[in-house]
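Please read the following report beside the sequence and the model. It moves from the surface to the core and then to the charged pairs.

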Amino acid sequence: MSDSDFPLPPPTFEFLVFSLKTQAEMQLGLFQFGQASEEPPNLPAARHAIDLLAMIAEKTRGNLALEEQRLIENSLTELRFRFVQVAERKPSAVADNPVEKSAEPGDAPASS
């Protein structure tokens, strides 16, 4: 089966939220595909995905169905919590990147 034979999911708000959430989780190192990865979490990339989701939440405020609002709020809460957990567990990864000073252990991504 070629890539073009694989049906794409419909472009929904839920799919957008899940896509950004999955991207952040992957950057945080929460997914393991097969062998354990030696690559450390990419906190700046995870923060960026979380901040994108927060921006979407802010821009769509008041225009979402109750289920959509709960989905994006719950996703942001979970991702921010996991970000802090990973940042505290991997302080050397943050200390090695002096350019990204805002990703200090214990700091959560920007909130909406």
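## Surface, core and salt bridges

Met-26, Phe-31 and Phe-33 make up a nonpolar surface patch whose accessible area together is about 340 Å². Such patches consist of residues with over 30% relative accessible area and no salt bridge, nonpolar side chains (Val, Leu, Ile, Met, Phe, Trp, Tyr) being joined within 5 Å and like charges within 9 Å; areas come from the Shrake-Rupley method with a 1.4 Å probe, and for residues only the protein chains shown count as cover.

The model is predicted, so that local features need pLDDT of at least 70 and side-chain atom pairs count only at pLDDT 80 or more, while totals for chains, interfaces and linings use all residues. Residues are numbered from 1 along each chain as its sequence is written, and side-chain values use heavy atoms, with hydrogens and water left out.

Leu-53, Ile-72, Leu-76 and Phe-83 have the most contacts inside the largest nonpolar core, which has 21 residues (buried Ala, Val, Leu, Ile, Met, Phe, Trp, Tyr and Cys joined through side-chain atoms within 4.5 Å). To this core α2 gives the most, with eight residues.

| Pair | Closest N to O |
|---|---|
| Glu-25 and Lys-21 | 3.2 Å |
| Glu-58 and Arg-61 | 2.9 Å |

Lys-21, Glu-25, Glu-78 and Arg-82 are linked in a salt-bridge network.

Terms used
A salt bridge is a side-chain nitrogen of Lys or Arg within 4 Å of a carboxyl oxygen of Asp or Glu. Buried means under 20% relative accessible area, exposed over 50%, partly exposed in between (1.4 Å probe, protein chains only). Helices (H or I, at least four residues) and strands (E, at least two) are DSSP runs, numbered from the N terminus.
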